[in-house]
Amino acid sequence: MFSKMRRVTAAAALLAALALPASADTLTIAQNFDPQTLWPNGTTASDNLNAGSAMVESLFWQDPRVNEIRPLLATGFEMESPTSVIVKLREGITFTNGEPMNADAVVHSVNIFIDKEQTPAYAQVAQAFSGAEKVDDLTVRITLHDSYPPLALALSQIYVVPPNYWNEMGLEAYGQKPVGTGPFKFVEWVRDDKLVMERNEDYWGDLPEGIDGLIWRPVPDDAARVAGLTTGEYQVAKDLPVTAIPGLENEPEIKLVPVPSYRIYQIGLSSLPQHESPLQNKLVRQALNYAVDKEAIINSLFFGKAEPLNGQVLRKSQLGFNPDLQDYPYDPEKAKAMLAEAGYPDGFTIPFKFPSGRYAQDREVSEAVAGMLSKVGVKTEMIALEPGEFLRQLRSKELAPMYFVGLAPQDDPAFQASQYVSTWRYTPIANEEIDALAEAGAKEMDVEKRRKIYQDMMALMHEEAPIIFLYDGIDVYGTDARLQNFLPRGDGRMFFYDVSYGQ
Amino acid sequence: MLQYLVRRVALTIPVIFGILVISFLLTHLSGDPTDLILPPDVTEEARDAFRKRHGLDQPIWVQFISFCTQALQGNFGDSLRFHEPALKLVMDRMAATTELALAAMALTLIVGVPAGVIAAYWRNTPVDLSVRGTTLIGQAMPSFYLGILSIIIFAVWLRWLPTGGRGTWWHLVLPAATLSFQLVALIARVTRSCMLDVLGQDYIRTARAKGLGEMKVVWLHGLRNAFIPVLTVIGLQVGFLMGGVVVTETVFSWPGVGRLAIQAIYARDFPVVQAIVFLFALIFVIVNLIVDIFYAVLDPRISYR
């Protein structure tokens, strides 16, 4: 039977070499999933947004190469008052169906963005806005309920759609065949197979050099994405498994692009009053931080492809990162002594919940943590959860007292901070000082004052230890070595502005 | 015959209904899909709106009744993720899955049956041993592993075939081979043991005695008589095939129903899961009905009255 198969495949080989597309200047991109909708405001899932935003553009965008928010369809914005902002639009842009990109289109798009029924996935950001009105053809006034420091980030999430086409198609149909202003336009979408785009010759800005079109392919299997990248079938592959990285590092035709993720991995240690456990005691929570060897996890489970947290949940590039803080060092002896001081000289037993199959290496990390904790006398009853059940329990606070989680809030300290406020639906801690700092930071418009607030909050959280600070994940992308200036963002988003392909 | 057919078709109705009930209960008891479909930082209001829009706020028996009445009209509701009719999503992907399943089945018959016949004819020779050895490996090897292994060998090392996706005939080779591998092994083993029985029968001796050539004896008289149990196994293995496409389609990025099933299950996209279960069950029932009819064609002693 083997011989039969070999003969068949051998015959196939000759023709296969000729039959395979020699995708000259079309980039084929392998992501995990097929988009559900190509309307960027229809979802926050990065695989959807990546494809959708190649065609439909936003007012501003956050460029990971310079880590700042840059104008796109807008030329800038200016605060009229703390709750009113004037957005100036770029002149002379048309959608690919000929409709003009102007104040009417933007007002129309902002109104959609604000409507919870139409954009439930953006409700947390959209609730800051109260409305939009046209000032003149290229000027729009957007009003807010309250002063809102992450305004630029929020504006970068409003995607502009052509009103006539939108009204004609409706929300669902627009998402299947969108029209935008972007560098690429829609050609064909065969569900679960391929999404084809060609370049928009009338694009208002600079087109990515050497790229005629994009083909997006959903390739759910990790090993298959790696294989297709190796054979040159894909010029970009998203989310490579860490285990494949050592093998790819020496391939001359492949470039690996590591991106520190927005996702912060942590062990929640609930000290909420309703969750009776030794974790109510701050000394115990600190002791557990000393008992876990973060570096060993990063090096052995992630081959070094994860970043230490420096004892806080804000990343180095974020406003409010506190440079004075450091990770709790690995010191099991000290942990034991602290547990004894807290009244647990022989340790204790505690349930420990973790998801299986939601995050990279989630089970392995949890097992490693449990093993390290057992060395200081803390025995864990490990409970693995299916991802859906895990999310349900997270939101209903049923994971407490102790659980492994990776949280990826949006890239503003306000979103990170809000997850530890006592009213947040899955906070592990209720602390008045933390609440006060988070609230102050969410309103403060002065950047330096705001930085100080979050630095203080990070220091307080470090001390209070509502979590075991583990690591910041790194997303690894693989590209054809000829793809230049390509840098995805920590939330899984990739863009093709200023990217070039060729020698 | 007609009466038999009518009775069989009538019997499938409670079977299908039972499957619908079980799939409804299993999916709905698995939990609320809202948390999986909306991001975790979404407000409670937006969550409630989502539940309301999809009727998830209703008591489960109300949901069940509306599900049944709609399902009777061929409407499984809209997908929670795609906001399109679930049945349409499934039917859109049916062609790809049918293509893959038929190719795998053809491969199974073309390779598995002759291998079994040959092994039986030359039983206990090196030929037999190699067929038996290969089929043992084939049955033992999980298909996701076999799939990845074949990608690495034939696509990455040898560069003969693409790693995945659908398009040319070459794209079909690896997934079909992977999907059929276990079936080939099973069919070869069943064919072999049935042929061993048959080859010892008096009518085979009679056939030889009247001077028929070995080819005719083995392939015409032998295989035809050995084929009924093989056919039964094939009919039952359609179920295996339906399960197999779930894994194979995922590994090979094949845009079919199996992959949709996996995604729908992970996301608790109830309407899609139910539509797929319904269709797979229907296919299984129909194929086995056809197998039953084939019995009569193959063996004149069997007749349905």
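Which strands of chain A make up an open sheet of 4 strands, and in what order do they stand? Let's find out together, keeping in mind that this is a predicted model.

**Stop 1: the open sheet**

Select S4, S5, S6 and S7 of chain A: they form the open sheet, in the order S4-S5-S7-S6, and their pairing is antiparallel. Look at the two ends of that order. Strand S4 (74-81) and strand S6 (129-136) of chain A are at the edges with a single partner strand each, so each has one side without a neighbour in the sheet. On average, and ignoring direction, neighbouring strands here are turned by 25 degrees against each other.

Now zoom in on S4(A) and strand S5 (residues 84-89) of chain A, which run antiparallel and are joined by 6 bridges. To see one pair, pick A:Glu78 and find A:Ile86 opposite, in S5(A).

Helix H3 lies across S5, S6 and strand S7 (139-144) of chain A, and runs at about 175 degrees to S6(A).

**Stop 2: a buried strand**

Move on to strand S17 (residues 467-480) of chain A. Of its 14 residues, 13 are buried, so the strand is largely enclosed by the rest of the structure. Show its partners one by one:

- Strand S12 (residues 254-269) of chain A runs antiparallel to S17(A), with 12 bridges between them; here A:Ile264 has A:Asp472 as its bridge partner.
- Strand S13 (residues 306-308) of chain A pairs with S17(A) over 3 bridges, also in the antiparallel sense; A:Glu307 stands opposite A:Asp472.
- Strand S11 (residues 236-237) of chain A is joined to S17(A) by 2 bridges and runs antiparallel to it; A:Ala237 faces A:Gly478.

**Stop 3**

**Stop 4: where chain B meets chain A**

Finally, bring in chain B. Here 49 residues of chain B are in contact with 43 residues of chain A. Several helices of chain B each supply at least two residues of its touching side, among them helix H5 (86-121) and helix H10 (214-251). Which helix gives the most to this side? Select H7(B), which contributes 6 residues. By class, the chain B side has 28 nonpolar, 10 polar and 11 charged residues.

Notes. Residues numbered from 1 in each chain as written. Chains lettered and ligands numbered in written order. Predicted model: local features only at pLDDT ≥ 70, side-chain atom pairs only at ≥ 80, totals over all residues. Contact = placed C-beta atoms within 7 Å. Nonpolar A, V, L, I, M, F, W, Y, C, P; charged D, E, K, R; others polar. Buried ≥ 20, exposed ≤ 12 C-beta atoms within 10 Å, placed from the backbone. Pairing = 2+ DSSP bridges. Axes fitted to C-alpha atoms, helices over the stretch in contact; angles between N-to-C directions.
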